[in-house]
Amino acid sequence: MKRLSSILMLLICLLLCSCGSVTPKSAELTEKYDFYKSSISGLKTATGVTAEEADEIFITLASECGVDSFFTVSKNTSGGFYNVNYGLNTLTVYLDGVSVSQVFDGKDQIYPETIPHNFLMDFEPTTKDVMNGSGDTVLGQYAFIRITDDNLEKITSEMLREFADNVVANSGYNWVSIITYSDTGICFSGSDVSSAIYGKLDKDGSVLESYGLWVRDENGNYSYTES
């Protein structure tokens, strides 16, 4: 009878292993995450990876991306990514073969590093003519985008650099401005990316009063100094 029980246990173990239920890390993950058992099967099925590879994806999502409850996984066939849904949250997950390469929460990248979405690049600049004093001769053009005061406070050095490199540099505009609805903002005079003035702006984005200066270093990074 004991021999029969041992054989039966061995068969059960082999069956579980063949189904992908038992992996070198499954016991540890089951103990650490109460949603591991309920989530891992769907993860493995949706991604088509092995049980061990599914564990590694699970670990990345749980330890690096904030997934803290039962989740489902579905493949977006048109975009080449996976939607991971947990609670009221949805993450966009990209795989490089069988491992996680990028994860986005909305438009913000949260893995492998945190990179906030650059909302400055969401806007198509408005362009207008620069006229002479009598208004009968075009002297050039200026460009601007308009954002909220709240977003102005969220601008980082990295965001400003991307905007400068892609919108300001070599544009030929007399100036390029980022204007808020309260007419404060940032102005690149002469489309020069080496510095940008933060302050009170006119309706056309030209500077009325300077509050500070964004200065670009030799590595392309901006730092801000108050006037």
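How many residues lie between β11 and β12 in their hairpin, and which glycine in the turn has a positive phi? Five residues lie between these two strands, and Gly 220 in the turn has a positive phi of about 90 degrees.

## Basis of the report

The structure is a predicted model, in which local features need pLDDT of at least 70 and side-chain atom pairs count only at pLDDT 80 or more, while totals for chains, interfaces and linings use all residues. Residues are numbered from 1 along each chain as its sequence is written, and side-chain values use heavy atoms, with hydrogens and water left out.

Helices (H or I, at least four residues) and strands (E, at least two) are DSSP runs, numbered from the N terminus. Two strands pair if DSSP finds at least two bridges between them. Strand β10 (residues 195-201) pairs with strand β11 (residues 207-216) in the antiparallel sense over seven bridges. Within this pairing, Gly 199 is opposite Ser 210 in β11. The two strands form a hairpin with five residues between them, and Gly 205 in the turn has a positive phi of about 95 degrees.

Strand β11 also pairs with strand β12 (residues 222-226), again in the antiparallel sense, over five bridges. Here Val 215 is opposite Ser 223 in β12.

## The cavity

Rolling a probe the size of a water molecule over the atoms shows where empty space is left. A cavity is a set of points, on a 1 Å grid over the protein atoms alone, where a 1.4 Å probe fits but cannot get out; lining residues have an atom within 4 Å of a point. Grid points are joined across faces, edges and corners, and a volume is the space filled by probe spheres set on the points. The count is one cavity of 30 Å³ or more, and the largest cavity holds about 40 Å³ of space.

Its lining includes Leu 43, Thr 47, Tyr 82 and Val 93. Helices α3 (36-47) and α4 (51-64) and strands β2 (81-86) and β3 (89-96) each supply at least two residues of this lining. By class, the lining has eight nonpolar residues, one polar residue and no charged residues.

Thr 92 is found in strand β3. This residue is buried (under 20% relative accessible area, with exposed over 50% and partly exposed in between, for a 1.4 Å probe and protein chains only), because its relative accessible area is 17%. Contact means heavy atoms within 4.5 Å. Leaving out residues up to four places away in sequence, Thr 92 touches Phe 81, Tyr 82, Asn 83, Gln 102, Val 103 and Phe 104.

Lys 154 lies in helix α5 (residues 149-154) and counts as partly exposed because its relative accessibility is 45%. With residues up to four places away in sequence again left out, Lys 154 touches Phe 119 and Met 159. Lys 154 and Pro 116 are 38 residues apart in sequence and 9.6 Å apart in space, C-alpha to C-alpha.

## Backbone features

Most residues other than glycine have a negative phi, and most peptide bonds are trans. The peptide bond from Tyr 111 to Pro 112, however, is cis, with omega near 5 degrees. Pro 112 is found in the loop between β5 (108-111) and β6 (126-131).

Asp 183, in the loop between β8 (175-180) and β9 (184-189), has a positive phi near 65 degrees. Ser 191, in the loop between β9 and β10, has a positive phi of about 55 degrees although it is not a glycine. Asp 183 is buried, at 11% relative accessibility, and Ser 191 is buried, with a relative accessible area of 11%.

How values were computed:
1 Å grid on protein atoms, 1.4 Å probe; cavity = no way out; pocket = protein on both sides within 12 Å on 5 of 7 lines; lining within 4 Å. Nonpolar A, V, L, I, M, F, W, Y, C, P; charged D, E, K, R; others polar.
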